[in-house]
Amino acid sequence: MSDDELSIDANIFEEPEGFLPPPPESHFATYDRKVSHAEPKQIRMKLVGKSPLWGHLLWNAGIYTADYLDKHAEELVQGKRVLELGAAAALPSLVCAVNGAKEVIATDYPDPDLINHIEYSFNDLKQKAPQMSDYKVKGYIWGHNVRESIYKNEEAGNLEEDEKFDLIILSDLVFNHTEHHKLLTACRQSLKSNGKCLVVFSPHRAHLLNEDLKFFETCKEYQFDAEKIDMINMTPMFVEDEETAEVRSRVYSYFLIPTW
C-alpha cells in the first residue's frame, strides 16, 4: 500500500470506548418544611441527572409553592383533589400529600425516567408518612384530553364536575410561551367551578418577563380571572449578568379564579 492510500479496515467513524462522558447520575434534593407542626419535617426528592425538560432541578418556584401550600393547607389542600402539571421534582404535590389532600395527581411529560423519579419520591415519602394521601404519578402532555390521558382505563370524554380538581398547581411553567394555550386548556378542562389554579413562576429570562406575564391576560380567553398573591425575591437559579439579577430573583404568585 502506498503512502497516500488509506486503510479503512477499521471503522474510523466509531468513537473510541470511553470517548463520551457518562450521563449525569440521579441525585437527591431535600426540602425543610417551615411550618412548626410539620411532620415529617423534611421531604427528599430523587431528581434525574439531566433533563431537557428541566426536571433535574428543584426550582425556587417549587420551594415557594411548597411553603405557601404548607402555610395555607387548611384552605387549599385538606380534603381537596389536587393536580400538578409539569411537576418535575413534584415538591408541591408531595407537600399536598402530607397535608390531608383527598387525592394528589402529579403529572409531567411522559418520559419514563422522569416519571419513575417522581414515583420514587412519593414512595420514599410514604415510608416516613404512612398516612399520606392517595396519589398517582402520570405522564401527561399539556392540552390533551385529561380524562383520556390520566384515567386511561376509564370511559373517554370530558371530566364530570365531581371528577375535577379543587386545586391545580402550575409551578414554573409559564416560561413556555408557546404552551400557554395548552396549559390553560388543561386547566379549563380539569378545574371545578369553585376551584383555583395556583400559578408560581420566576422570570429566568429577564428580557422576556412581559411575555411571561401575558399568560395572565390569555387566561381570560379561558374564563379565568388572574389574582396576584405576591412577589418575593430569592437567590437567582442561574449565575448570569448582574444587571438582570434582581428581575431573575423574583418569584411571582397568582391564583386563577374561574368565572364560569
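## Model and confidence

The structure is a predicted model, in which local features need pLDDT of at least 70 and side-chain atom pairs count only at pLDDT 80 or more, while totals for chains, interfaces and linings use all residues. Residues are numbered from 1 along each chain as its sequence is written, and side-chain values use heavy atoms, with hydrogens and water left out.

The predictor's confidence in each residue is given as pLDDT, from 0 to 100. For the protein the mean pLDDT is 90, and 87% of its residues reach 70 or more. Over residues 1–10 the pLDDT is below 50, and this stretch has two contacts in the model beyond near neighbours in sequence; a contact means heavy atoms within 4.5 Å. Where pLDDT is low, the predicted coordinates should not be read in detail.

## Overall composition

The protein has nine helices and nine strands. These elements are DSSP runs numbered from the N terminus, with helices being H or I runs of at least four residues and strands being E runs of at least two. Of the 260 residues of the protein, 49% count as buried. Buried means under 20% relative accessible area, exposed means over 50%, and partly exposed lies in between (1.4 Å probe, protein chains only). Among contacts between residues at least 6 apart in sequence, 68% join residues at least 24 apart.

## The sheet

Seven strands form an open sheet with mixed pairing, in the order β5-β4-β3-β6-β7-β9-β8. At its edges are β5 and β8 (224–233), each of which pairs on one side only. Neighbouring strands of this sheet are turned by 15° against each other on average, direction ignored. Two strands count as paired if DSSP finds at least two bridges between them.

Within the sheet, strand β7 (residues 191–201) and strand β9 (residues 250–258) pair in the antiparallel sense over five bridges. V199 stands opposite Y254 in β9.

## Helix α1

Helix α1 (residues 60–71) has 12 residues, which at 1.5 Å a residue should span 16 Å; its end C-alpha atoms are 17 Å apart, which agrees. The expected span is 1.5 Å times one less than the number of residues. Because 10 of the 12 residues of α1 are buried, the helix is largely enclosed by the rest of the structure. The buried residues of α1 include G62, I63, Y64 and L69.

This helix lies across β6 (165–171), β7, β8 and β9, and runs at about 135° to β7. Such angles run from 0 to 180 degrees between N-to-C directions, with axes as lines fitted to C-alpha atoms, for helices over the stretch in contact.

## Helix α4 and H117

Helix α4 (residues 112–128) has 17 residues and reaches 25 Å from its first C-alpha to its last, close to the 24 Å expected at 1.5 Å a residue. It lies across β4 and β5, running at about 170° to β5. Among its buried residues are L114, I118, F122 and L125. What covers the buried residues of α4 includes β2 (42–47), α3 (91–97), β4 (103–108) and β5 (134–139).

H117 lies in helix α4 and is buried, with a relative accessible area of 6%. Its side chain reaches the backbone oxygen of D113 at 2.7 Å. Not counting residues up to four places away in sequence, H117 touches S26, K46, L47 and V48.

## Loops and backbone details

A cis peptide bond joins E39 and P40, with omega about 0°; P40 is placed in the loop between β1 (27–32) and β2. A90, in the loop between β3 (81–85) and α3, has phi near 65°, a positive value in a residue other than glycine. A90 is buried, with a relative accessible area of 1%. D172 has phi near 60°, a positive value in a residue other than glycine, and D172 is buried, with a relative accessible area of 5%.

I141 is found in the loop between β5 and α5 (146–150). I141 is partly exposed, with a relative accessible area of 32%. The C-alpha atoms of I141 and Y109 are separated by 5.7 Å, although the two are 32 residues apart along the chain. I141 touches Y109 and P110, not counting residues up to four places away in sequence.

Notes
Polar contact = N/O pair within 3.5 Å; in protein donor to acceptor, adjacent residues only side chain to side chain.
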